[in-house]
Every structure is written in structure tokens, then in C-alpha cells.
Amino acid sequence: MSSIPIRYVEPVFRPPSEAQSLILPVTDGCSWNHCTFCEMYTAPQKAFRARAEDEVLESIRRTGQMYGDQIRRVFLADGDALVLPTRRLLAILDAIRQHMPAVHRVSSYCLARNLKKKTVEELTQLRAAGLAMVYLGAESGDDTVLEKVHKGETFDSTRSALDKLGEAGITRSVMILNGLGGQVYSAQHADNSARLANATQPEYLSTLVVSFPKGEARFREGFAEWEPLDQPALFREMERFLSQLDLRRTVFRSDHASNWLVLKGTLGADKERLLAQVRQAIAEPGGAHLRPAWARGL
């Protein structure tokens, strides 16, 4: 698919599990874009705007003409497609169903704030039209940490959004940032993130380690006391987080390139095995197998 008739504004981001999906931009950038830990949409060309409806629908039609029988999954980009009105989202989903009949899953990122004005009934409509899964970056369940990083959310606002999605039958993939609270808030970050997961029972839960490829200056402006966790402290935070999880059927992944220790399992069935892996890493620090994926060339 080297000549897909879709206009992309670089850089383009998508979750790792959407590697085989058609990336379909319906917005550019992120409608919030104040999170100090996030560098994804800070480039000038990624300033937030909703794509013109005619452009999006024409892209779907033309792509469908060329590859409609080959495309199985579609990811609605950029940062928060669900900021669009329900009517526009339904038009997009209807066009995908019409012009890309082989598609069996449509997904997108989602900010919790996007769902404040959307009812469960609207979300149920979107699910029926094909929106099967959303990725929600909770980052933390701790209100102090969320305020420090300018997330614009709270434990309650995140829980409300996840509950709405769950009630509508949309699969939820939730992300937590290991180390986001730094040394000062590590314990409460772990505790309240576990509390959020327990309260909402997401279908998927993942963690990655907070990092700053472009430097920490922007992040520290509002979080001057933040100090990064070293490898053993990251493992201890993970142990504290995992030990408090009480999940029934949640697929858990900690296998992003930033993670020092790859963890995969289903919670709660694999909780003790995962905890044993973390405790072994704590007891045997510095092993070659504990280098992050990027350092291993993966």
C-alpha cells in the first residue's frame, strides 16, 4: 500500500498493537496537548485541528476503491478522535463499513475529557457502528501526580470515562506511566493507579516507563521536585502496583521499548507469576536481561 490516498502530517503515532492497521487521520494533533510528559504533538505542524469531513470521507472512499478488500483494521488518528461530535464519527464509521467491507475493528486514542459530553447511548451507537476499542492514557490514578503533569484529569474523571466506555461495550486499553510520580510520589502513584484499575476493570492494561527524549525542562517547570526512579526503584514501584491489583480478566502488558523488564500475562490468573518475576529482578539487579528493549536493539 505504497500510494494510500490519505494526507499524513508527520510524525504519525499509533499504539504498538495497531502496526497492521490503516492509520486514518480524522484530526491533527491533540485537543488538550498540555501534558508536560508528552512530546507527541508539540511540533508546529501538529497543532490541533479537526480534519474537514469531506476530506476524511473522500480518503475513505478512495482508499476503499484501491484496497477495500485488504484492510482489516483501521486506527482513527491523531491524539483523540473522540473529540469529534458523535454525528461526524458515525459518518466516518458508516463510510468505513461501506467502502472497506473487510474491516473488523476500528479503534482510536481517547482522552477522558472527550467523553464528558458523550452519553452512554452515543457511545453504544459508535460501538454498533464499528468502534470496537479505545486506548486511554490514564498515566496515573493519583490526583496530585495528574495535577503536577498538567494532565487535566482526576481519578474521578478518568474513572467516569472508563465506566462509560465499559457500559457501552467498547474495549478499553489503559496505560499507566511507571515512574511518573518520581521519588516523592512513587508510592501514592502506584497505590492510586492500582485503585483506578480495580475500580474500572479494563480489558487491557499496560505500563511503560516515563522518558523525555527532548529533555526534562518542560516537565520540570510544573514539577520541580521530580527526581527519576532508578532501575531498582522502578521495579519496587511495579511490585507495589501489581500487588494491589485485583483484576478478573485483564490482559496485562509491560513490554514497551522503555520497559527494563518485560511482563506479560492475564490478571488475575498470572498475578503471582508476574510478581515473582519482578521480585527476582529486585533481588538480582543489573542483569543483562534487564536492559531496556531499545538498548538491546529491539
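A: Start with a helix. In α3 (residues 120-129), Val 120, Leu 123, Leu 126 and Ala 129 are buried; buried means under 20% relative accessible area with a 1.4 Å probe, protein chains only. Helices here are DSSP runs of H or I of at least four residues, strands are E runs of at least two, and both are numbered from the N terminus. This is a predicted model: local features need pLDDT of at least 70, side-chain atom pairs count only at pLDDT 80 or more, and totals for chains, interfaces and linings use all residues. Residues are numbered from 1 along each chain as its sequence is written, and side-chain values use heavy atoms, with hydrogens and water left out.

Q: How do I read a strand, and which face of β9 is covered?

A: In a regular strand the side chains alternate between the two faces of the sheet. In β9 (residues 250-254), Thr 250, Phe 252 and Ser 254 form the covered face. Val 251 and Arg 253 form the uncovered one.

Q: Which strands pair with β9?

A: Strands pair if DSSP finds at least two bridges between them. β8 (residues 204-209) pairs with β9 in the parallel sense, over 3 bridges. There, Ser 206 stands opposite Arg 253. β10 (residues 263-267) pairs with β9 in the antiparallel sense, over 5 bridges. Phe 252 stands opposite Gly 265 in β10.

Q: What does Leu 242 touch?

A: Contact means heavy atoms within 4.5 Å. Beyond its neighbours within four places in sequence, Leu 242 contacts Phe 252, Leu 263, Leu 267, Lys 271, Leu 274, Leu 275 and Val 278. A nonpolar core is a set of buried Ala, Val, Leu, Ile, Met, Phe, Trp, Tyr and Cys residues joined through side-chain atoms within 4.5 Å. The largest has 60 residues, and Val 74, Ile 96 and Leu 242 touch the most other members. Helix α2 (residues 86-99) gives this core its largest share, 6 residues.

Note on methods
Buried < 20%, exposed > 50% of the residue type's maximum accessible area, 1.4 Å probe, protein only.
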